[in-house]
Amino acid sequence: MQTRLICFLLVIAGVLQKHKATAQVVPVTIFYDQNLMITIKQKAALTRVASLDTVAYVFRGAVTDYLSDGQLYQQFTYAEAGKEGPFQALHPEKKVAREGAFKENQPVGIWKFYYPDGKPLQTVEFLPDQEYRVLEYYNFLGQQLIKDGTGNLETTSRVRVGYAYMNLLLEGQWKDGKKTGQWQFLQADGKKVLVREYENGVVRKRKLYHPQNGGLIDSKVNQDGESWPFLMTLREMEKLNFDKAVFGSKEGILQYILKKEHLLSIDSLRLAGSLDSGSKPEFPGGEAAMFRFLGSHFRIPVNDMRNKINGTVRVSFVVGEDGSVSDPLIVESLSRGVDAEALRVVRLMPKWKPAVINGKPVAYTYTIPYTIRMK
């Protein structure tokens, strides 16, 4: 009986391993409409250039989003646990809108937000359990309203009312990095939609009003529909929602976004405030020296050599502010052995000359191809 059980488990493990091997990460270009639904190229409001796991149906590696006019909008990276590493988004005027970092799919640490003219808007610290505190805040006139976590906040926020989300004006007060007093979420005409009363950062009272007639809908304290708009946008794009009348099924979407005429390059993606305001990171001695380094250290696995494998593996990694290389990730797979070897060799790289934006070194997500040709 024990022998049969062991054999059964081995069979199951083999099936799972075989299923895992069928996963394929491939380059895609995805078009989104204004409602963040996947659409055809002609109706695109946002275009995403990325790599997609066509089995798990999740993004992997470097991502670049563009506006409808082709201008760079935002860049970041997906790892196994979700969004990971540096993030940066730009205003239509090409100045930085917000920048920070993700860890295991959650924003972490200090994030900075800016007005379209480049002036600071706010500095936010994201804490564990999706909590945050506003450390600094400036109004559009440049007046600092919050300093060292204390002051009045006037901004916009996105709040869930029933089954829909509304963009509302937000007025509230921070004290020593914690919310305090009455926080109001208002429509453009000043009508209250949501009111919360905080004490030492904890909600004590809450009232939700009907956005049309102003009647009280709910007063339960344990509900919270507030969220950062840009985080909600990222989550909506990850859902890969689509119009079934147009594409029919996921297979229909894949056929469309994998068309050769739609694919765009994701090599050497930049995290830059302006395309003309800085420089990319550089391997010691330049690109030629980098490929010599790869060629001298890369060892083709025995099985792949026997099978005379040919093709290209693409690996992304982060060049830090100090030039150190970290977080290597396969964005285009060739084989299990080649993928592992590519990751090993990248980890051996010496420090690079870091990317520079506006005179300051910045973290940068870089993607390189390594091609194997065997006769």
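**Ground rules.** I am working with a predicted model, where local features need pLDDT of at least 70, side-chain atom pairs count only at pLDDT 80 or more, and totals for chains, interfaces and linings use all residues. Residues are numbered from 1 along each chain as its sequence is written, and side-chain values use heavy atoms, with hydrogens and water left out.

Entry 1: Buried means under 20% relative accessible area, exposed over 50%, and partly exposed in between, using a 1.4 Å probe and protein chains only. Helices (H or I, at least four residues) and strands (E, at least two) are DSSP runs, numbered from the N terminus.

**Entry 2: aromatic rings.** I found 24 aromatic pairs in the structure. Rings of Phe, Tyr and Trp (its six-membered ring) pair if their centres lie within 6.5 Å; planes under 30 degrees apart count as stacked, over 60 as edge-to-face and the rest as tilted. I picked F113 and F230: their ring centres are 6.0 Å apart and their planes stand at 65°, so this pair is edge-to-face. F113 belongs to strand β8 (residues 106-114) and F230 to helix α2 (residues 229-238), 117 residues apart, so to speak a link between distant parts of the chain. F113 is buried at 7% relative accessibility, and F230 is buried with a relative accessible area of 7%.

**Entry 3: Q122.** Next I visited Q122 in strand β9 (residues 120-126). Is Q122 buried or exposed? At 7% relative accessibility, Q122 is buried. Beyond its neighbours within four places in sequence, its contacts (heavy atoms within 4.5 Å) include F113, W111 and W228.

**Entry 4: a sheet.** I then traced an open sheet of 3 strands, in the order β21-β20-β24, with antiparallel pairing. Two strands pair if DSSP finds at least two bridges between them. β21 (325-332) and β24 (364-372) are at the edges with a single partner strand each, so one side of each has no neighbour in the sheet. β20 (residues 311-319) and β24 are joined over 9 bridges; S316 has T367 in β24 as its bridge partner.
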